[in-house]
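Please keep the viewer open as you read.

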Amino acid sequence: MKYYSTNKKAPIATLEKAVVKGLAEDRGLYMPERIKTLDSKFFDEMPEMTFQEIALTVADAFFGEDVEPEALKRIVYDTLQFDCPLVKVTDNIYSLELFHGPTLAFKDVGARFMARLLQYFIKERREERGVRRDINVLVATSGDTGSAVANGFLGVDGINVYVLYPKGKVSRIQESQFTTLGKNITAIEVDGVFDDCQTLVKNAFMDEELNKHMRLTSANSINVARFLPQAFYYFYAVAQLGKGARPVICVPSGNFGNICAALFGAKMGMPVRRFIAANNANDIVYKYLQTGKYEPKPSIQTLANAMDVGDPSNFARILDLFQNDYSAISGHISGATYSDEQIRNIMRECYKENGYILDPHGACGYQALKEQLQPGEVGVFCETAHPAKFKEKVDEILSIDVEIPERLAAFMKGTKKSVPMSKEFKDFKAFLMK
């Protein structure tokens, strides 16, 4: 499978180059040259298959031409050492709980898959050339990406990870998951917002001197090996609903990699009625869906901080997927946007009516389904992180004491180790060059 850039000005790439480089030379995002339609027999049999079996079939469609079958099976089965169960919240609304992985967030799937695929390519090339040259992973995070990537890559031979996060704008629990690890993980505390962190990462990829000095890649959802595997759990959600299910899928959206993976699943034949992108007050894509005009702006800090993105990178992939056809995009995706006060009320109402604890991000997805589902339709929303990751907020809003899972509590006992950094690229470059 070959990969092209959304900007159409970079050379065609192999999967290995797309994964190792992360971003194309023209600053575009890599896209597979074709999307395979899966056999109808697979969809008939899917409800009887395990999560790993379903994921391997989907992975083979994307990566099977470039990764040995047994190696791909190992990567998929090792990635998915946890479940992503569908939990009924109301008569026609289900929560796809994506927080049962090591860092209790949906990004565990993509981060673990990418770490293992990257290690596969490193090992293959080392055996081929007999030369060791480490890969340096740069990742910007507004919350959960950093912890998922850091833990997915922790201790992986030949890979160093640099996590850039905005100072004072991620929860204490989230911060503890990537600042206490040490080993091959370096946390960088940027004096700015998430968009500043993402700009530093993108500028690093474009800097010729820096790229001659060290091998760089990204583990943000701009990387094809991070966002594509997220399609796995949408197929699994449909399978859990049973034969003949065709749900409305609602995805709380920040950088739009997660809903992009779901759209790829639909292009592969996954039965789904339509999609809803649920936003917090950062409503850039919501406004595009209303007007056809895409107007990025600085992000606003909100209660649902992992969605605080003012210029979502993966929207370029969605535009490309639909050939920049606004009517096609708005025909497949509707939008929703919620203020912090609305999110608080949604969380309270859902807990009171259903006894279900939503995190601030899942709250946006749940409410969008409540408002937009038509009679007879079934909806699935992504509960993207465990409520305990936002314990202070959730406890205050719901007047409860959310229990912290043991594996999350373990992170909080560690000592914070981070490097303070300005938002100026020259400072970040100087740090990396040293």
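## A covered strand and its partner

Strand 7 (residues 185–190) is mostly covered, with five of its six residues buried. Bear in mind as we go that this is a predicted model. Strand 7 runs parallel to strand 6 (residues 159–166), and six bridges join the two.

Six strands in the order 3-4-12-9-10-11 make up an open sheet with mixed pairing. Strand 3 (86–88) and strand 11 (333–337) are at its edges; each has a single partner strand, so one side of each lacks a neighbour in the sheet. On average, neighbouring strands of this sheet are turned by 25 degrees against each other, direction ignored.

Within the sheet, strand 9 (residues 248–252) and strand 12 (residues 379–383) run parallel and are joined by three bridges. Here Ile249 stands opposite Val380 of strand 12. Helix 12 (residues 257–267) packs on the sheet, where it touches strand 9, strand 10 (274–279), strand 11 and strand 12. The direction of helix 12 makes about 180 degrees with that of strand 10.

## Two helices side by side

How do helix 6 and helix 7 cross, and at roughly what angle? The axes of helix 6 (residues 144–153) and helix 7 (residues 172–179) come within 8 Å and cross at roughly 25 degrees. Because angles under 35 degrees count as roughly parallel, helix 6 is roughly parallel to helix 7. The crossing of helix 6 past helix 7 is left-handed. Helix 6 contributes Asp144, Gly146, Ser147, Ala150 and Asn151 to the contact, and helix 7 contributes Gln174, Gln177 and Phe178. Sorted by class, the residues of this contact are two nonpolar, five polar and one charged.

The table sets out their values.

| Residue | Relative accessible area | C-alpha separation | Places apart along the chain |
|---|---|---|---|
| Ala261 | 0% | 9.9 Å to Arg317 | 56 residues |
| Ile173 | 6% | 36 Å to Asp320 | 147 residues |

Buried means under 20% relative accessible area, so Ala261 at 0% is buried, and Ile173 at 6% counts as buried too. Leaving aside neighbours within four places in sequence, Ala261 is in contact with Phe227, Leu228, Gln230 and Ala231. With residues up to four places away in sequence not counted, Ile173 touches Ala388, Lys389, Lys391, Leu408 and Met412.

## Helix 18 and what covers it

One of the residues touched by Ile173, Lys391, leads on to helix 18 (residues 391–398). Which residues of helix 18 are buried? They are Lys391, Val394, Asp395, Ile397 and Leu398. Their cover includes helix 7, helix 16 (340–354) and helix 17 (360–372). After helix 18 comes Ser399, whose phi is positive, near 55 degrees.

Terms used: Residues are numbered from 1 along each chain as its sequence is written. This is a predicted model: local features need pLDDT of at least 70, side-chain atom pairs count only at pLDDT 80 or more; totals for chains, interfaces and linings use all residues. Side-chain values use heavy atoms; hydrogens and water are left out. Axes are lines fitted to C-alpha atoms, for helices over the stretch in contact, and angles run from 0 to 180 degrees between N-to-C directions. Helices (H or I, at least four residues) and strands (E, at least two) are DSSP runs, numbered from the N terminus. Angles under 35 degrees count as roughly parallel, over 145 as roughly antiparallel, 65 to 115 as roughly perpendicular and the rest as oblique. A crossing is left-handed if the near helix is turned anticlockwise from the far one by less than a right angle, and right-handed if clockwise. Contact means heavy atoms within 4.5 Å. Ala, Val, Leu, Ile, Met, Phe, Trp, Tyr, Cys and Pro count as nonpolar, Asp, Glu, Lys and Arg as charged, and the others, Gly among them, as polar. Two strands pair if DSSP finds at least two bridges between them. Buried means under 20% relative accessible area, exposed over 50%, partly exposed in between (1.4 Å probe, protein chains only).
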